Amino acid sequence: MNKLKGLVTMLAVILVANTGMSQDLPPNAETGKCYAKCYIADEYQTVTEQVLAKEASTRLEVIPAVYETVTEQILSREASVRTEAIAATYKTVSEQMLVKEASTRLETIPAVYETVTEQVLAKEASSRIETVPAIYETVSEQMLVKEASSRLETIPAVYGTESETIQTAAATTKWVKKKSQTCVSSNPDDCLVWCLVDVPAQNRTVTRQVLKSPATTREITIPAEYKTVTKSVRKGCPAGFTDNGTACTRTTEIPAVYKTITKTVLKTPATTREITIPAEYKTVTKSVLDTPASTRETAIPAEYKTITKTVLKTPASTRTIEIPAEYKTITKTVLVKKGGFTEWREVLCGNASDASYIGNVRQVQIALKEKGYNPGPIDGVMGSLTRSALLKYQKDNGLPEGQLDVQTLKSLGVN
């Protein structure tokens with residue numbers, strides 16, 4: 001066995017002398033000892049971050065119209081005259097009066113959301129040997145800051161003046177005493193006659209306000225706002241290297257691990273629709289002169305009555321209420337320290353048939369079993385179960401992986 005170790009050391013010295021590549025061999029090597037490069041696993045940590053769960057939006061709130069009650073005098077009976085004890089006759093007429101003007105109201109149609117799933121990186125890919133960083137390039141893109149929206153602008157109603165002539169007294173006749181021009185009597189009283197003459201109708205002009213164009217609204221579009229963001233985008237790897245997702249390697253690839261997350265995204269933004277509310281009218285009844293009084297010249301004053309009605313004081317309007325965005329916290333694993341192959345480490349020497357090597361392996365198997373790992377039979381053979389148990393122990397304790405080095409033996413308590 002000692003001859004074999006001596007031969008290995010001699011070959012190493014000859015190789016160094018011939019190639020001049022001392023950096024590829026263990027420095028300060030001692031005769032009778034073995035060395036190897038062991039693998040150190042990547043170190044990760046769990047971090048949390050805020051992600052957008054629901055985008056900010058707006059909703060329209062309708063402010064109803066305000067009305068007030070006003071009182072006014074209206075003519076209920078026209079002034080008239082009478083010449084005899086024959087009273088004037090009246091008739092009742094009905095007309096439509098505007099109670100509430102036509103208007104509109106906005107009805108909010110809520111936004112529609114949908115649930116989508118996507119793959120996110122849980123553990124980045126890596127390689128076991130030489131690693132070089134990937135090549136990145138900087139790109140710019142447009143990001144939506146504020147979505148397009150709209151607002152309603154009220155166009156007030158338009159009124160006009162309208163005049164009409166109404167009859168205050170109908171045309172009539174009356175008896176008038178006159179002197180006849182053809183009388184042949186000598187008595188003057190015999191020459192007096194009563195004549196029925198026409199009395200023309202009496203009229204007057206009244207002016208009133210009428211609605212020409214009702215109040216309306218129009219929608220003004222507010223365009224969306226964007227901002228430019230710059231980010232670094234992965235471009236690729238140098239020639240001769242393989243891209244594994246986060247780095248470029250020359251040898252065995254350890255694929256990245258992904259997990260599926262579910263989130264809610266906006267499918268259809270909230271909108272509004274305009275609903276027309278028709279004007280309201282009521283029927284009022286009033287008395288108007290049908291047949292004027294006659295004969296006796298007695299003045300009958302006009303009569304008025306007080307009516308109360310509701311008129312529009314402030315038209316309905318809308319206001320926009322901002323709904324802030326909602327966020328949620330997600331947890332993910334990120335690479336803290338990149339692993340790889342360490343410098344040269346001293347490892348256990350010997351052949352599988354050497355008694356000392358078998359004894360050392362048996363001690364390792366016993367120590368692994370005491371620490372809760374399954375090395376298989378305690379037989380001094382570095383079988384698949386023993387290798388699996390040893391590798392798991394090295395990973396669990398942050399030790400260099402892949403070799404039975406002195407550091408691992410000390411951790412197990414094996415001399």
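Visitor: Which residues lie nearest the centre of the second largest pocket?
Guide: In this predicted model, the second largest pocket holds about 900 Å³ of space. Its lining is made up of 29 residues, and those that lie nearest the centre of this pocket are Ala56, Ser57, Thr58, Glu147 and Ala148.

Visitor: Which element gives the largest share of the lining of the second largest pocket?
Guide: The elements that give two or more residues to this lining are β3 (57–63), β11 (135–146), β12 (149–155), β17 (216–222), β23 (271–277) and β27 (317–323). By class, the lining of the second largest pocket has 13 nonpolar, eight polar and eight charged residues. The largest share, which amounts to five residues, comes from β11.

Visitor: Which residues are the closest to the centre of the largest pocket?
Guide: About 1,600 Å³ of space lies in the largest pocket. Of the 47 residues lining the largest pocket, the closest to its centre are Glu72, Glu95, Met97, Arg208 and Lys286.

Visitor: How many charged residues are in the lining of the largest pocket?
Guide: Among the elements that give two or more residues to the lining of the largest pocket are β4 (66–77), β6 (89–100) and β13 (158–169), and β16 (202–213), β24 (280–291) and β26 (303–314) belong to that list as well. Divided by class, the lining has 22 nonpolar and 10 polar residues, while the number of charged residues is 15.

Visitor: Is the link of Cys237 and Cys248 left-handed or right-handed?
Guide: The sulfur atoms of Cys237 and Cys248 are 1.9 Å apart, and the two residues form a disulfide. Cys237 sits in the loop between β18 (225–236) and β19 (242–243), whereas Cys248 belongs to strand β20 (residues 247–249), 11 residues apart. The angle about the S-S bond is -80°, and the link is left-handed.

Visitor: How far apart in space are Glu326 and Leu52, C-alpha to C-alpha?
Guide: Glu326 is found in strand β28 (residues 326–337), and its relative accessibility of 43% makes it partly exposed. Leaving aside residues up to four places away in sequence, Glu326 touches Val51, Leu52, Ala53 and Lys54. Although Glu326 and Leu52 are 274 residues apart in sequence, their C-alpha to C-alpha separation in space is 6.2 Å.

Technical notes
Residues are numbered from 1 along each chain as its sequence is written. This is a predicted model: local features need pLDDT of at least 70, side-chain atom pairs count only at pLDDT 80 or more; totals for chains, interfaces and linings use all residues. Side-chain values use heavy atoms; hydrogens and water are left out. On a 1 Å grid over the protein atoms alone, a cavity is a set of points where a 1.4 Å probe fits but cannot get out, and a pocket is an open set with protein on both sides within 12 Å along at least five of seven lines; lining residues have an atom within 4 Å of a point. Grid points are joined across faces, edges and corners, and a volume is the space filled by probe spheres set on the points. Helices (H or I, at least four residues) and strands (E, at least two) are DSSP runs, numbered from the N terminus. Ala, Val, Leu, Ile, Met, Phe, Trp, Tyr, Cys and Pro count as nonpolar, Asp, Glu, Lys and Arg as charged, and the others, Gly among them, as polar. A disulfide is a pair of cysteine sulfur atoms within 2.5 Å. Buried means under 20% relative accessible area, exposed over 50%, partly exposed in between (1.4 Å probe, protein chains only). Contact means heavy atoms within 4.5 Å.
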